[in-house]
Amino acid sequence: AGLGLYGLTSYLVGTRGREIGIRVALGETSRSVRARIVREGLRVAGQGAAGGIVLAGLTLLLARRFLFAPGLDEAAVLLGACLVVFAASALASYLPSRRATRIDPSVALRME
C-alpha cells in the first residue's frame, strides 16, 4: 500500500510541477508547499481508512453470524492497520513534496 501511495503521489506531484513553481515564485514557502501536499495525501488516506473501517465493520457483523463472536482483538488490529497506513501515507506524500520543492521555480515554469 505504501509503494502504491508513493507512486501515485509522486506522479500527481510531478504533473503539478508548474503549479508548484508558480506558488514558489509568488512567495509561498517550500515548507507550506510540502505541508499542503502531505495534507492532501493524508486526506485521501483518511477517506480510504474511513471507507475501510465501515466495510470492515459490516464484514465483522456478517462474520459474527456465521463464526464465533470476535472480540476486541480485531478492533486493535484494525486500528493498528489504520495507523500504519497513515504513517505510510505521510511518508509517501512527504518524499515527492520534498523533491518538488527543490526544483528552481524558473525551471518549473518552463516545463511543458
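The legends below accompany close-up views of a predicted model. Because the model is predicted, local features are given where pLDDT is at least 70 and side-chain atom pairs count only at pLDDT 80 or more, whereas totals for chains, interfaces and linings use all residues. Residues are numbered from 1 along each chain as its sequence is written, and side-chain values use heavy atoms, with hydrogens and water left out.

**View 1**
Helix 3 runs over residues 30-66, and its 37 residues reach 53 Å from the first C-alpha to the last, close to the 54 Å expected at 1.5 Å a residue; the expected span is 1.5 Å times one less than the number of residues. Helices here are DSSP runs (H or I, at least four residues), numbered from the N terminus. Within helix 3, Val33, Ile37, Val38, Gly41, Ala45 and Ala49 are buried, where buried stands for under 20% relative accessible area, exposed for over 50%, and partly exposed for values in between (1.4 Å probe, protein chains only).

Side chains of opposite charge can pair when their charged atoms come close. A salt bridge is counted when a side-chain nitrogen of Lys or Arg lies within 4 Å of a carboxyl oxygen of Asp or Glu, and a search of the whole structure finds five of them. Arg16, Glu19, Arg23, Glu28, Arg36 and Glu40 are linked in a network of such bridges. Glu28 counts as buried at 18% relative accessibility, while Arg23 is partly exposed at 28% and Arg36 is partly exposed with a relative accessible area of 25%.

**View 1. The pair of Glu40 and Arg16.**
The side chains of Glu40 and Arg16 meet in a salt bridge of 2.8 Å, N to O. This pair links distant parts of the chain, with Glu40 in helix 3 and Arg16 in the loop between helix 1 (2-15) and helix 2 (17-25), 24 residues apart. Glu40 is partly exposed, with a relative accessible area of 26%, and Arg16 is partly exposed, with a relative accessible area of 21%.

**View 2. The largest pocket.**
The largest pocket has a volume of about 200 Å³, and of the 13 residues that line this pocket, Thr9, Leu12, Glu40, Gly41 and Val44 are the closest to its centre. Helix 1, helix 3 and helix 4 each supply at least two residues of the lining, and helix 1 gives the most, with five residues. A pocket is an open set of points on a 1 Å grid over the protein atoms alone, where a 1.4 Å probe fits and protein lies on both sides within 12 Å along at least five of seven lines; lining residues have an atom within 4 Å of a point. Grid points are joined across faces, edges and corners, and the volume is the space filled by probe spheres set on the points.

**View 3. Val13 and Pro96.**
Val13 belongs to helix 1 and is buried, with a relative accessible area of 7%. The C-alpha atoms of Val13 and Pro96 are separated by 6.6 Å, although these residues are 83 residues apart along the chain.
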